[in-house]
Amino acid sequence: MGILLYATNLFASNIYTDKVNSFCRKAFTTSGLRFFSNKLLEAYYGNSIEIQLMNQDIVFESPNFEEFMILRGLKSDKPILEDIADTLDENKTFYDIGANIGLYTCTIGKVTGCDVYSFEPHPKNSKKLSQNAERNNLSFTLVEK
């Protein structure tokens, strides 16, 4: 357990560095240690991860490694999300094509209050998307195609 806590602290303190990103991709994903990386994320984040955008807290289910990398992408997607949010209000509609686990669906839906239609064909991602939308009290339409 001590190794897990040490790794968790090391991982958390350097979470947004390219060196850690590269290490995690190689060590956890390609070497088959996916289970360890998922446990590491679960130990650090618990059952959810919270992101703030435009004074709104958006909550996502505890991510596995692949989902964490998508959520980590918010760092570079933030300006795009803010630009999109600036053009939308509750009277408009937003289409999220390839919604995955709902980064754009949950963020745009919560920040703007507009109608959101999410298209995601993969059943596992659709389920996680629905869970994330529920955590954010978001009403949206999911099209699983």
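## Salt bridges

The structure has two salt bridges, counting a side-chain nitrogen of Lys or Arg within 4 Å of a carboxyl oxygen of Asp or Glu. The model is predicted, so local features need pLDDT of at least 70 and side-chain atom pairs pLDDT 80 or more, while totals for chains, interfaces and linings use all residues. Residues are numbered from 1 along each chain as its sequence is written, and side-chain values use heavy atoms, with hydrogens and water left out.

Because Glu61 belongs to strand E2 (residues 56-61) and Arg135 to helix H7 (residues 123-135), the pair ties together parts that are 74 residues apart in sequence. Helices (H or I, at least four residues) and strands (E, at least two) are DSSP runs, numbered from the N terminus. Arg135 is partly exposed at 31% relative accessibility; this class lies between buried, under 20% relative accessible area, and exposed, over 50% (1.4 Å probe, protein chains only).

Glu67 and Lys128 form a salt bridge whose closest N and O atoms are 2.8 Å apart. This pair also links distant parts of the chain, with Glu67 in helix H4 (residues 65-72) and Lys128 in helix H7, 61 residues apart. Both Glu67 and Lys128 are buried.

## Parallel sheet

Three strands form an open sheet in the order E3-E4-E5, with parallel pairing; two strands pair if DSSP finds at least two bridges between them. Strand E3 (93-97) and strand E5 (141-143) are at the edges with a single partner strand each, so one side of each has no neighbour in the sheet. On average, neighbouring strands of this sheet are turned by 15 degrees against each other, direction ignored. The axes are lines fitted to C-alpha atoms, for helices over the stretch in contact, and angles run from 0 to 180 degrees between N-to-C directions.

E3 and strand E4 (residues 115-119) run parallel and are joined by five bridges. Thr93 has Asp115 as its bridge partner in E4.

## Aromatic pair

One aromatic pair is found in the whole structure. Rings of Phe, Tyr and Trp (its six-membered ring) pair if their centres lie within 6.5 Å; planes under 30 degrees apart count as stacked, over 60 as edge-to-face and the rest as tilted. Tyr95 and Tyr117 make up a stacked pair, at 5.5 Å centre to centre and 25 degrees between the planes.

The pair links distant parts of the chain, as Tyr95 is in strand E3 and Tyr117 in strand E4, 22 residues apart. Tyr117 has a relative accessible area of 30% and is partly exposed.
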